[in-house]
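Here's a quick run of questions and answers to read alongside the model. Have it open while you go.

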Amino acid sequence: MDESAKRIQKAALGTPENHFLILLAHNGPTGLGSGLNDICGKDWEFKGDGGDHGDPDLACAISLLKENNEVSIPLVVFGHMHKELAHGNGFRKMIVVGADNTIYLNGAIVPRVKSLDDGNKRSLDNESPLSSLEIKGTARAFTLVELSEGRVTKVAESWVAVVEDRTTLIEEYVLFERN
């Protein structure tokens, strides 16, 4: 784990001066909670409160970079831990704001593409010449992040309908907004 953390740190140190770093990883770091619904919590174990399934090497690398003030890290993005919890136990927290204002964002929305039901298709275009049986559309999940001056200003989970060559924003859930 130490060797892996040092490799992550070394790669991050290649960030040009006066730039910030966005870390993208398969799984998030340890230390963000161990409850079933925490951002990296083990939702498949029923004993106790689950446990922390984050990556210790990523946590160590982030800690090393921050303790030496080597590079600004406003955002750490990862997936792996699906939003919908195992065994129908609800939903996972998808965002954590660290004590130093680093945003930890889990983008694992599964499934990311769903078929639209007839009601959603009709609401896209009430004057469509095609019947709802002829239209095949999907809803697609995107996680959008807005940054300004090296700081995350907004994070939103957005669902976009795609029917033939038309796209429409169906829903937007704001997960974080800086005032």
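User: Which elements do the buried residues of helix 2 pack against?

Analyst: This is a predicted model. The buried residues of helix 2 include Asp 57, Leu 58 and Ala 61. Their packing partners are helix 1 (2-12), strand 1 (20-24), strand 2 (72-78) and strand 4 (103-106).

User: How many Å apart are the end C-alpha atoms of helix 2?

Analyst: Helix 2 covers residues 56-67, which is 12 residues. At 1.5 Å a residue it should span 16 Å, and the model agrees, with the end C-alpha atoms apart by 16 Å.

User: And just after helix 2, which residue takes a positive phi?

Analyst: Look just past the end of helix 2 for a phi of about 50°. The residue with that positive phi is Asn 69.

User: How many bridges join strand 7 to strand 8?

Analyst: These two strands run antiparallel. The number of bridges joining strand 7 to strand 8 is 10.

User: Is Ser 158 buried or exposed?

Analyst: Ser 158 sits in strand 7 (residues 151-163). Its contacts beyond four places in sequence include Phe 142, Leu 144 and Leu 169. The relative accessible area of Ser 158 is 2%, and buried means under 20%, so Ser 158 is buried.

Technical notes:
Residues numbered from 1 in each chain as written. Predicted model: local features only at pLDDT ≥ 70, side-chain atom pairs only at ≥ 80, totals over all residues. Heavy atoms only, no water. Helix = DSSP H or I, 4+ residues; strand = E, 2+ residues; numbered from the N terminus. Buried < 20%, exposed > 50% of the residue type's maximum accessible area, 1.4 Å probe, protein only. Contact = heavy atoms within 4.5 Å. Expected span 1.5 Å × (residues − 1). Pairing = 2+ DSSP bridges.
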